Amino acid sequence: DLLMVGVMLGICSIMGLPWFVAATVLSISHVNSLKVESECSAPGEQPKFLGIREQRVTGLMIFVLMGLSVFMTSVLKFIPMPVLYGVFLYMGVSSLKGIQFFDRIKLFGMPAKHQPDLIYLRYVPLWKVHIFTVVQLTCLVLLWVIKASAAAVVFPMMVLALVFVRKLMDLCFTKRELSWLDDLMPESKKKKEDDKKKKEK
């Protein structure tokens, strides 16, 4: 997906066409649908994440069908807009589960005794987690305001500016803290490795 987005951005730039971005909600929903979880678990226990079914068929078919929708406009125009908004709202809300940023936002109104055993809470003080979340939330709101205003033309430059915001965080957080808060590795995998290290000790 990223390769195709990169190639098409180059083509769009040369031909003077508008840029486009990867469909975040669509991609997250797709990955969630390919998750493999344990089927048997104790009552009240969450099923364990086992991995992702690696394949390229569904991704290809999604985009082929999206392309074919151009030829189905005469039928698609009969779908009421509230139905489409409802589908997109459901996809967006269901995609929030398991996203670290959303989990950290929920921590603001959660008493310490009800907080889940998140790996970054083991190594980073809660107040620092909140600062990290506020910075991310501020950047998100700022990007949304710029995108919705007349200054939307500078949106790509503002996205690039986030690299420098991330670099400035080195002044407030240690490398170790940032490695827990801003790591690409899934939460479940990090927790499993951390528990394994503790058992070995």
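**Salt bridges in their setting**

Mentor: Along the sequence, the elements of the chain run α-α-β-β-α-α-α-α-α-α-α-α-α, which amounts to eleven helices and two strands. Helices (H or I, at least four residues) and strands (E, at least two) are DSSP runs, numbered from the N terminus. The model is predicted: local features need pLDDT of at least 70, side-chain atom pairs count only at pLDDT 80 or more, and totals for chains, interfaces and linings use all residues. Residues are numbered from 1 along each chain as its sequence is written, and side-chain values use heavy atoms, with hydrogens and water left out.

The domain assignment, whose bounds come from an automatic or database source, gives domain 1 (24-38 + 48-97) and domain 2 (99-187). Over C-alpha atoms, the centres of domain 1 and domain 2 are separated by 26 Å. Of the 201 residues in the chain, 17% count as buried; buried means under 20% relative accessible area, exposed over 50%, and partly exposed in between (1.4 Å probe, protein chains only).

As for charge, the chain carries 25 positive and 16 negative side chains, and the centres of the two sets lie 2 Å apart. Lys and Arg count as positive and Asp and Glu as negative, while His and the chain ends are not counted; each charge is placed at NZ of Lys, CZ of Arg, CG of Asp or CD of Glu. Side chains of opposite charge can pair when their charged atoms come close. Seven salt bridges are found in the whole structure, a salt bridge being a side-chain nitrogen of Lys or Arg within 4 Å of a carboxyl oxygen of Asp or Glu.

One of them joins Glu-177 and Lys-128, at 2.9 Å from N to O. This pair links distant parts of the chain, with Glu-177 in helix 10 (residues 175-181) and Lys-128 in helix 8 (residues 126-148), 49 residues apart. Glu-177 is buried at 10% relative accessibility, and Lys-128 is buried at 13%.

Another salt bridge pairs Glu-37 with Lys-35, whose closest N and O atoms are 3.8 Å apart. Here Glu-37 is partly exposed, with 37% relative accessibility, and Lys-35 is partly exposed, with 31%.

Asp-170 and Lys-167 form a further salt bridge, with 3.5 Å between the closest N and O atoms. Asp-170 is partly exposed at 26% relative accessibility, whereas Lys-167 is exposed at 56%. Both residues belong to a network of salt bridges that links Arg-166, Lys-167, Asp-170 and Asp-182.
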